[in-house]
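Subject: Handover of a structure and notes on its features

Dear colleague,

Please find below the structure that I am handing over to you. My notes follow it.

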Amino acid sequence: MTDTEQTYRQILRQLETNGCLRTLPEITHSGKWAVIGGRQLLNLSSNDYLGLASDPELHASFLAGLSGEEALLSSSSSRLLTGNYSVYRELEDMIAESYGAEAALTFGSGYHMNAGIIPAVADSNTLILADKLVHASLIDGIRLSTARCIRYRHGDICQLEQLLQKYHAVFPRIIIATESIFSMDGDVTPLMRLVEFKRKFPQTMLYVDEAHAVGVRGKRGLGVAEEQDCMKDIDFLCGTFGKAMASVGAFVVCSKIMRDYLINKMRTLIFTTALPPVNVAWTKYVWSRMDDWADRRAHLHVLSAHLKQMLELSGFHSDSQSQILPMTIGESSEALLMAEKLQSGGYYVLPVRPPTVPAGTARIRFSLSAGITVEDLQGLQLLLQKKKE
């Protein structure tokens with residue numbers, strides 16, 4: 001072992017000592033169940049919010065109509081070379097029409113999206129005001145830009161307004177960056193308040209990541225922006241396909257000018273191979289049936305409220321307003337033990353530890369799916385009650 005490898009080995013040992021060492025789990029999926037080591041556990045850690053990823057009838061229906069270019073398993077090129085198949089345009093037109101917007105643009109992943117848009121549109125004359133708890137991909141995008149960034153306290157709209165008051169005359173462009181549903185706490189941003197700030201400070205742009213809201217919020221499943229009736233007021237309305245939509249990739253809804261600008265300036269779009277046409281065709285198929293999932297959205301809402309009540313009765317307060325419900329434990333080692341006990345009881349949950357969350361706030365993160373029933377959670381309620389005792 002070289003001296004360099006020994007250094008890395010010591011870092012890994014320290015992570016293990018702190019309860020923060022990560023490994024890749026071996027999992028077999030069977031509908032709402034995760035099969036691990038021969039044991040079948042209820043999967044409460046998936047982002048398959050609508051249960052579409054495990055719907056065999058939906059898959060069969062899609063495959064029955066698949067043909068031609070849409071069946072290709074690789075694009076073999078970036079979109080600016082030979083990888084821009086017609087299905088991309090069809091999906092983007094469908095998304096733009098859904099939002100009543102001028103344009104939409106799709107990407108290989110949510111990480112590509114967030115790490116690429118911000119550096120493309122923000123220069124040294126830009127101030128980015130980002131919620132303290134925005135996703136790592138947004139933080140990396142901000143770091144790759146030349147913009148100045150101030151991260152305001154999570155959900156502190158008053159502090160955000162104070163920062164806008166202070167800097168609106170200093171910077172010709174200000175971008176407010178936030179998530180609509182936050183991935184670790186499950187709380188929801190009051191987007192209309194941000195829209196009010198945009199109207200008050202005209203040089204302000206809004207960047208909203210709806211990764212955990214697309215498909216599950218709003219009458220048509222278009223997200224929190226639809227729910228709060230402010231879709232047309234958001235400059236960069238972003239979402240992903242890899243969660244509720246049971247596919248892969250991401251999108252931004254924006255103006256036509258901004259779409260053209262990103263095609264010319266966004267490095268994570270320009271310098272990467274496009275998604276396989278078959279994946280884009282699947283996304284298009286699922287999106288075309290967005291209205292069909294209203295019952296699943298309603299059930300997910302009921303399920304989320306039920307689990308939140310269970311957590312509250314067991315002594316775990318949560319500010320969640322969504323299908324993501326954290327159970328904050330504290331130290332990483334304690335969160336690991338809790339995860340192991342819940343897994344022993346038949347529930348596949350995972351500990352979320354630093355640096356994903358701040359030190360001292362390690363947690364179990366319940367992530368619900370519409371494929372789960374209230375009855376499925378009865379055993380979990382007994383386990384939580386035992387923990388309270």
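A residue is called buried here when its relative accessible area is under 20%, exposed when that area is over 50%, and partly exposed in between. Please also bear in mind that this is a predicted model.

**A strand covered on both faces**

The term "buried" is needed at once for strand S9, which spans residues 236-240. Five of the five residues of S9 are buried, so this strand is largely enclosed by the rest of the structure.

S9 pairs with strand S8 (residues 204-209), to which three bridges join it in the parallel sense. Asp209 stands opposite Cys238 of S9 in this arrangement. S9 also pairs with strand S10 (residues 250-254), here in the antiparallel sense and over four bridges. The bridge partner of Gly239 in S10 is Phe251.

**The chain as a whole**

The secondary structure of the protein chain comes to 14 helices and 14 strands. Of its 389 residues, 51% are buried. Along the principal axes, the C-alpha atoms fill a box of roughly 60 × 55 × 55 Å. How does the radius of gyration of the protein chain, 22 Å, stand beside that of a compact globule with 389 residues? The two agree, because such a globule would have a radius of gyration near 21 Å. Among the contacts between residues at least 6 apart in sequence, 70% join residues at least 24 apart.

**Two open sheets**

Three bridges link S1 and strand S2 (residues 33-36), which pair in the antiparallel sense. Thr28 stands opposite Val35 in S2.

Another open sheet has three strands, with the order S11-S14-S13 and antiparallel pairing. Its edges are strand S11 (324-330) and strand S13 (351-352); each has a single partner strand, so one side of each lacks a neighbour in the sheet. S11 is joined to strand S14 (residues 362-367) by six bridges, and the two run antiparallel. Within this pair, Leu325 stands opposite Phe366 in S14.

Rolling a probe the size of a water molecule over the atoms shows where empty space is left. How many cavities of 30 Å³ or more are counted? The count comes to one, and the space in the largest cavity is about 40 Å³. This cavity is lined by Tyr88, Leu91, Thr106, Phe241, Val248, Leu275, Val280 and Thr283. Helix H3 (86-99) and helix H11 (277-288) are the elements that give two or more residues to that lining. By class, the lining of the largest cavity has six nonpolar residues, two polar residues and no charged residues.

The second largest pocket holds about 340 Å³ of space. It is lined by 18 residues, of which Val216, Arg217, Arg297, Leu300 and His301 are the closest to its centre. Which helix gives the most to the lining of the second largest pocket? That is helix H12 (residues 294-313), with eight residues. The lining of this pocket divides into six nonpolar, seven polar and five charged residues.

His112 has its place in helix H4, which covers residues 110-121. With a relative accessible area of 26%, His112 is partly exposed, because that class lies between 20% and 50%. Leaving aside its neighbours within four places in sequence, His112 is in contact with Met266, Thr268 and Thr272. His112 and Ser137 are 25 residues apart in sequence, and their C-alpha atoms are 7.9 Å apart in space.

With kind regards

Technical notes: Residues numbered from 1 in each chain as written. Predicted model: local features only at pLDDT ≥ 70, side-chain atom pairs only at ≥ 80, totals over all residues. Heavy atoms only, no water. Pairing = 2+ DSSP bridges. 1 Å grid on protein atoms, 1.4 Å probe; cavity = no way out; pocket = protein on both sides within 12 Å on 5 of 7 lines; lining within 4 Å. Points joined across faces, edges and corners; volume = space filled by probe spheres on them. Nonpolar A, V, L, I, M, F, W, Y, C, P; charged D, E, K, R; others polar. Rg over C-alpha atoms; globule rule 2.2 N^0.38 Å. Buried < 20%, exposed > 50% of the residue type's maximum accessible area, 1.4 Å probe, protein only. Contact = heavy atoms within 4.5 Å.
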